[in-house]
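I opened a notebook for this chain today. These are my entries, in the order I looked things up.

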Amino acid sequence: MQRHNLPALEYHLAHGCNLSCQQCSHYSDHHLPGAMPTIEQADADYQKWSHRLKPARFALLGGEPLLNPAILEHIKLARQHWDSDLMLVTNGFFLHRFPELPKVLIETNCRLEVSQHGTHDEYVKRFREVKHLVWHWREQFPGVRIKIRQSHRGWMRQYKVANGKPMPFNSRPDAAFKVCMQKTCTQLYEGKLWKCPALAYFAKLESKLRLQDLPQWQLFRDYQACSESATDEELQTFLETKSIPQCGLCPSKRTAFSHPNPLQRSAMK
């Protein structure tokens with residue numbers, strides 16, 4: 001079988017998160033249920049696709065991936081399977097738990113991206129400690145690649161909120177796809193490929209918030225992920241397809257949104 005190129009492939013090492021960034025595109029602010037993947041499970045998932053896909057970037061994330069106690073082994077496993085630009089994305093609050101992480105990053109040629117999620121005073125004070133640790137690692141471990149990215153800039157709404165429940169938009173799929181910030185965020189989840197995190201983890205959100213009686217979300221429920229049984233032609237079609245009907249449930253305009261202090265849970269807005 002041929003290996004198909006794609007911009008990026010992402011893998012959740014945890015669905016939950018220690019922060020509560022409202023309108024998170026992975027729904028992690030809702031502290032989704034579900035066990036974190038073991039090394040054995042990740043290995044099985046990768047084996048289904050690593051001989052068929054050649055992503056330019058392979059990202060380990062969540063949720064908050066450092067909640068997974070086997071994070072160091074997961075990074076090594078990912079490098080065994082993927083010859084892509086390897087990246088670990090974290091909010092940084094648990095970096096201190098893994099003093100061996102810089103050595104593993106260098107060993108596996110994995111880039112660390114630490115996301116800043118807001119400018120609230122309390123949060124910035126806590127995040128300053130993260131930055132100090134990152135600066136120390138840069139000095140102590142020459143060659144380690146670490147970037148702090150301003151993830152809160154350009155933050156946009158993923159859904160509307162009505163009566164305390166997330167509700168979809170009613171957009172033209174092409175228009176929504178055009179402004180989508182997840183258009184290259186293919187997810188590897190449950191051994192299948194999903195077009196974006198909003199679709200991949202919707203079932204978890206629906207279960208957590210009891211959205212089963214809302215017909216407005218039916219398009220998301222109807223979505224079929226790409227399974228390992230897909231032919232090369234079907235896989236290529238999946239990777240090349242841009243907008244799909246489900247895109248119409250996402251916003252078609254980038255409406256600026258400043259979520260509250262991510263250290264505190266609050267009612268949806």
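**Entry 1: the whole chain**

I began with contacts, meaning heavy atoms within 4.5 Å. Of the contacts in the chain between residues at least 6 apart in sequence, 77% join residues at least 24 apart. I noted the ground rules next. This is a predicted model, where local features need pLDDT of at least 70, side-chain atom pairs count only at pLDDT 80 or more, and totals for chains, interfaces and linings use all residues. Residues are numbered from 1 along each chain as its sequence is written, and side-chain values use heavy atoms, with hydrogens and water left out.

I looked up the secondary structure and found nine helices and nine strands. Both are DSSP runs, numbered from the N terminus: helices are H or I with at least four residues, strands are E with at least two.

I then checked the overall size. The C-alpha trace spans about 55 × 50 × 30 Å along its principal axes.

Burial came next. Buried means under 20% relative accessible area, exposed means over 50%, and partly exposed is in between (1.4 Å probe, protein chains only). Buried residues make up 52% of the 269 residues.

**Entry 2: helix α2 and its two partners**

I asked which elements the buried residues of α2 pack against. They pack against α1, β2 (53-61), β3 (85-90), α3 (101-108) and β4 (110-116). The buried residues themselves are Ile71, Leu72, His74, Ile75, Leu77, Ala78 and His81.

I took α1 first. The axes of α1 (residues 39-49) and α2 (residues 71-81) come within 10 Å and cross at roughly 15°. That makes α1 roughly parallel to α2. Here axes are lines fitted to C-alpha atoms, for helices over the stretch in contact, and angles run from 0 to 180 degrees between N-to-C directions. Angles under 35 degrees count as roughly parallel, over 145 as roughly antiparallel, 65 to 115 as roughly perpendicular and the rest as oblique.

The crossing of α1 and α2 is right-handed. In α1, the contact is made by Ile39, Ala42, Asp43, Tyr46 and Gln47; in α2, by Glu73, His74, Leu77, Ala78 and His81. I sorted the residues of this contact of α1 with α2 by class: five are nonpolar, three polar and two charged. Ala, Val, Leu, Ile, Met, Phe, Trp, Tyr, Cys and Pro count as nonpolar, Asp, Glu, Lys and Arg as charged, and the others, Gly among them, as polar.

I turned to α3. The axes of α2 and α3 come within 10 Å and cross at roughly 0°. That makes α2 roughly parallel to α3. From α2, Leu72, Ile75, Lys76 and Arg79 meet Leu101, Val104, Leu105, Glu107 and Thr108 of α3. The contact of α2 with α3 has five nonpolar residues, one polar and three charged.

**Entry 3: two strand residues**

I picked Leu86, in strand β3. Is Leu86 buried or exposed? Leu86 is buried, with a relative accessible area of 1%. Beyond four places in sequence, Leu86 is in contact with Phe58, Ile75, Ala78, Arg79, Thr108, Asn109, Cys110, Arg111 and Arg145. I also compared Leu86 with Arg52: they are 34 residues apart in sequence and 17 Å apart in space, C-alpha to C-alpha.

Thr186 counts as buried, at 11% relative accessibility. Not counting residues up to four places away in sequence, Thr186 touches Leu6, Ala8, Leu9, Glu10, Leu193, Trp194, Lys195 and Phe238.

I listed the buried residues of α7 (residues 202-209): Phe202, Lys204, Leu205, Glu206 and Leu209. Their cover includes β7 (165-167), β8, α6 (197-200) and α8 (218-222).

Most residues other than glycine have a negative phi. Arg210 has a positive phi of about 55° although it is not a glycine. Arg210 follows α7 and sits in the loop between α7 and α8. Arg210 is exposed, with a relative accessible area of 70%.

Gln23 also has a positive phi, near 70°. Gln23 lies in the loop between β1 (4-12) and α1. Gln23 is buried, with a relative accessible area of 3%.

Definitions and conventions
Left-handed = near helix turned anticlockwise from the far one by under 90°.
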